[in-house]
Amino acid sequence: MKPKMLEEEDESFQKPDEETIAQQTEATLKVSNIQYFLQVASALPVRHAQKPDPVQYIRYTPSQQGGGHNSGAQQRIIRMVEVQQDPMEPPKFKINQKIPRAPPSPPAPVMHSPPRKTTVKEQADWKIPPCISNWKNPKGFTIALDKRLAADGRGLQQVHINENFAKLAESLYLADRTAREAVETRAQMERRVAQNKKAEQEEKMRAMAAKARLADMKPKMLEEEDESFQKPDEETIAQQTEATRLALEKITSTKA
């Protein structure tokens, strides 16, 4: 590409004068205003009523002249006014009618196999159960249980049990067995402790009985050996009886 030499005398490179600038600006402003008002009018929700044309006056001269015609006047002036249109009135004529299309080309023929007799299995497969709802029965029909179960589709479902249920059952069984063993061991220990306590109490009672028996036998032996032995008085006998009674009460309370 070669550069073009600019010449000062060339009119295409001269600035326009003020009059040309004013004319171009006015023309551009008119076009912009028209486009602006059209966009504003289309965006309005309600179409405003159009302004009617100005009133026209027409001079009318009837062809028949005379006193019996036109009230004796030779001419009349008629005032023509355009009827105001309602902007909310629907259109009076249908202009968006759709014309039906022409028939298409004939479809391709569908080839069928020769008719044959259906078997019992095919008839059972084609038997569709009625639509029975478990929630709605507006007409109050009495529906048999077999029909309701057939419509429910429970026979088509496969029950799948998660293997975690088996693990949970085994864990519960082991925990129950461990708890039972712990309870049994605790009960055996308690029984053993109770038996030991009972044996100790019996041993104490046996020792106390032997001691009391020796205490009763000692005075008799001394009396037999010593002829000058004197029997105890009543106060001593009462004290020994009271001591024996207290010992027996203590043994009984300890056993209980």
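**Briefing on the chain**

Valine 81 is placed in the loop between strand 2 (76-80) and helix 2 (120-126). Helices (H or I, at least four residues) and strands (E, at least two) are DSSP runs, numbered from the N terminus. The model is predicted: local features need pLDDT of at least 70, side-chain atom pairs count only at pLDDT 80 or more, and totals for chains, interfaces and linings use all residues. Residues are numbered from 1 along each chain as its sequence is written, and side-chain values use heavy atoms, with hydrogens and water left out.

**Overall architecture**

- The chain contains five helices and two strands, and their order along the sequence is α-β-β-α-α-α-α.
- Of the 256 residues in the chain, 2% are buried; buried means under 20% relative accessible area, exposed over 50%, and partly exposed in between (1.4 Å probe, protein chains only).
- The accessible surface of the chain is about 26500 Å², and carbon and sulfur atoms hold 58% of that surface. Accessible areas come from the Shrake-Rupley method with a 1.4 Å probe, and for residues only the protein chains shown count as cover.
- Among the contacts in the chain with a separation of 6 or more, 30% are between residues 24 or more positions apart; a contact means heavy atoms within 4.5 Å.

- A nonpolar patch on the surface is formed by Val55, Tyr57, Ile77 and Val81, which together have about 420 Å² of accessible area.
- Patches are made of residues with over 30% relative accessible area and no salt bridge; like charges are joined within 9 Å, and nonpolar side chains (Val, Leu, Ile, Met, Phe, Trp, Tyr) within 5 Å.
- Glutamine 84 also belongs to the loop between strand 2 and helix 2, and glutamine 84 counts as partly exposed because its relative accessibility is 48%.
- Lysine 51 and glutamine 84 are 33 residues apart in sequence, with 8.3 Å between their C-alpha atoms in space.

**Salt bridges**

- Side chains of opposite charge can pair when their charged atoms come close.
- A salt bridge is a side-chain nitrogen of Lys or Arg within 4 Å of a carboxyl oxygen of Asp or Glu, and by this rule there are seven salt bridges.
- Glutamate 26 and lysine 30 are joined by a salt bridge at 4.0 Å, N to O. Both residues lie in helix 1 (residues 18-43), four residues apart, about one turn of the helix. Glutamate 26 has 47% relative accessibility and therefore counts as partly exposed.
- Lysine 92 and glutamate 89 form a salt bridge whose closest N and O atoms are 4.0 Å apart. Glutamate 89 is partly exposed because its relative accessibility is 40%, whereas lysine 92 counts as exposed at 67%.
- Lysine 121 and aspartate 125 meet through their side chains in a salt bridge of 3.2 Å, N to O. These two residues lie in helix 2, four residues apart, about one turn of the helix. Aspartate 125 has a relative accessible area of 52% and so is exposed; lysine 121 counts as exposed at 60% relative accessibility.

**A serine in helix 1**

- Serine 32 lies in helix 1 and is partly exposed, with a relative accessible area of 38%.
- The side chain of serine 32 reaches the backbone oxygen of threonine 28 at 2.9 Å.

**Annotated region**

- An unreviewed UniProt entry carries the annotation "coiled-coil region" for residues 182-211. UniProt positions are given in the numbering used here, feature names are shortened, and annotations may be inferred rather than shown by experiment.
- In the model, residues 182-211 are 100% helix and 0% strand, with 44 Å between the end C-alpha atoms.

Key:
A polar contact is a pair of N or O atoms within 3.5 Å; within protein, one must be able to donate a hydrogen and the other to accept it, and residues adjacent in sequence count only if both atoms are side-chain atoms.
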